[in-house]
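Here are some exercises to work through, each with a solution taken step by step. Keep the sequence and the 3D view open while you go.

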Amino acid sequence: MSEAVPNPSQAAWRRRALLLAPLAVAGLGGAGFYAMLRGLGTGDYDPRGVPSALIGKPAPDFTLPPLEGSGLPGLSAADLTAGRPVLVNFFASWCVPCVIEHPQLMRLARDGIAILGIAYKDKPEDSLGFLKRHGTPYARLGVDQPGRVAIDWGLYGVPETYLIDKSGIIRWRMAGPVTEEILAQQVTPLLRRLA
Amino acid sequence: MIRWLFLPMLAAMLAIGPALAVGDPADQLPNPAQEERARVIGRELRCMVCQNQSIEDSDADLARDLRRIVREQVAQGKPDDAVLRFVHERYGDFVLLKPPFKPETAILWGMPAIALLGGALLIRGMRRRRVPLAPDELTQAERDRLAQLAGRPRE
């Protein structure tokens with residue numbers, strides 16, 4: 001038993017280590033929190049980035065009526081298998097991040113990418129106003145006022161964008177605005193690969 | 001006295017239960033047994049918008065839509081697991097507040113056992129080490145003072 005008795009200097013060292021332990025924990029926590037915030041800023045870390053359950057599966061079956069007055073045809077599941085990859089974009093006029101991502105959608109449309117829009121829980125006149133203000137990137141536009149089709153897609157909220165490949169399989173999902181970085185780092189390479 | 005009050009108070013607090021967000025009576029099923037079933041199912045489902053609440057507890061729009069879907073399907077006579085599967089197919093494992101046990105979730109489910117085991121090992125280690133510190137040797141001055149108090153001649 002006597003050999004287990006720590007000598008005083010050892011005990012003092014241990015006491016110092018115990019005093020420093022909370023400091024070390026706080027430091028580690030701080031570093032982790034900093035990394036998280038930085039990731040949030042650059043888009044590397046996304047707390048809502050749970051992958052969609054529909055990745056690798058065919059898009060759900062649906063038929064949505066057109067937006068009256070937009071001049072665009074409505075949208076149904078059959079329109080997704082057009083022989084080339086398409087983007088499906090859920091948006092609403094009441095959604096602020098949708099305004100942020102709209103220029104990226106406009107640019108994709110100018111580049112000839114087919115973007116199919118779904119107006120989520122929005123009054124038709126408000127959707128029309130939104131498109132008049134910000135432009136129309138959509139080749140087709142379905143109206144999902146009750147939000148039921150959105151649930152079949154596993155939608156969290158707006159904006160949300162899905163990439164469907166030639167054969168109608170969902171390949172990619174972005175819950176949140178498609179920023180310039182996401183466009184350059186994810187959407188464009190994926191579209192090129194799947195084309 | 002306080003000890004006698006403690007248990008009844010605890011029981012009363014536990015009996016209160018959570019405040020549910022199903023405030024709109026129009027959303028409730030007329031059949032109380034079905035409504036109760038829908039609530040039990042809804043408490044298993046995460047609100048994807050607020051994430052740490054069930055759809056029964058959440059005021060979010062999406063949670064309300066899911067509550068309605070759950071109630072519709074319960075009213076249609078679908079069994080509980082079919083209703084849960086409907087939502088699970090669309091929203092993935094994350095929507096289930098009790099995630100299924102599979103290789104990806106093994107650490108999650110095993111964590112209580114790992115924590116318990118780790119704690120037990122830690123306690124064992126600390127107990128073994130808890131031995132009194134050897135007191136410092138008396139200094140010459142202290143020994144002198146002690147001798148003086150004891151009334152003995154100096155060493």
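A polar contact is a pair of N or O atoms within 3.5 Å; within protein, one must be able to donate a hydrogen and the other to accept it, and residues adjacent in sequence count only if both atoms are side-chain atoms. You're looking at a predicted model, where local features need pLDDT of at least 70, side-chain atom pairs count only at pLDDT 80 or more, and totals for chains, interfaces and linings use all residues. Residues are numbered from 1 along each chain as its sequence is written, chains are lettered from A and ligands numbered from 1 in the order in which they are written, and side-chain values use heavy atoms, with hydrogens and water left out.

**Exercise 1. Describe the make-up of chain A and of chain B.**

Step 1: list the elements. Helices (H or I, at least four residues) and strands (E, at least two) are DSSP runs, numbered from the N terminus. Chain A has five helices and seven strands, in the order α-β-β-β-α-β-α-β-α-β-β-α. Chain B has six helices and zero strands.

Step 2: look at burial. Buried means under 20% relative accessible area, exposed over 50%, and partly exposed in between (1.4 Å probe, protein chains only). In chain A, 44% of the 195 residues are buried; in chain B, buried residues make up 28% of 155.

Step 3: check how far apart in sequence the contacts reach, a contact being heavy atoms within 4.5 Å. Take contacts between residues at least 6 apart: in chain A, 71% of them join residues at least 24 apart. For chain B, 48% of the contacts with a separation of 6 or more are between residues 24 or more positions apart.

**Exercise 2. Work out which way helix α3 of chain A faces.**

Step 1: find the buried residues. In α3(A) (residues 124–134), A:Ser127, A:Phe130 and A:Leu131 are buried. They fall within an arc of 95° seen down the axis, so they line one face of the helix. (The arc is that of the directions from the helix axis to the C-beta atoms.)

Step 2: recall the helix geometry. An α-helix has 3.6 residues a turn, so residues three or four places apart point the same way.

Step 3: see what lies on each side. The cover over the buried residues of α3(A) includes β3, α2 (96–110), β4 (114–120) and β5 of chain A. On the face turned away from the buried side are the exposed residues A:Glu125, A:Lys132 and A:Arg133.

Step 4: look just past the helix. A:Gly135 follows α3(A), and its phi is positive, near 100°.

**Exercise 3. Do the same for helix α2 of chain B.**

Step 1: the buried residues of α2(B) (residues 32–42) are B:Glu35, B:Ala38, B:Arg39, B:Ile41 and B:Gly42. Their arc around the axis is only 160°, which puts them on the same side of α2(B).

Step 2: these buried residues pack against α3 (61–75) and α4 of chain B.

**Exercise 4. Describe where chain A meets chain B.**

Step 1: count the residues. There are 24 from chain A and 23 from chain B in the contact.

Step 2: give the area. Buried area is the accessible area (1.4 Å probe) that two parts lose on being put together, summed over both. Here the two chains bury about 1,800 Å² between them, with 57% of it on carbon and sulfur atoms. In chain A, A:Arg148, A:Ile151 and A:Tyr156 lose the most area to chain B, together 33% of what that side buries.

Step 3: zoom in on B:Arg90 in helix α4 (residues 80–91) of chain B. B:Arg90 counts as buried because its relative accessibility is 16%. Not counting residues up to four places away in sequence, B:Arg90 touches A:Ala53, A:Leu54, A:Ile151, A:Asp152 and A:Gly154. A polar atom of the B:Arg90 side chain also lies 2.9 Å from the backbone oxygen of B:Phe86.
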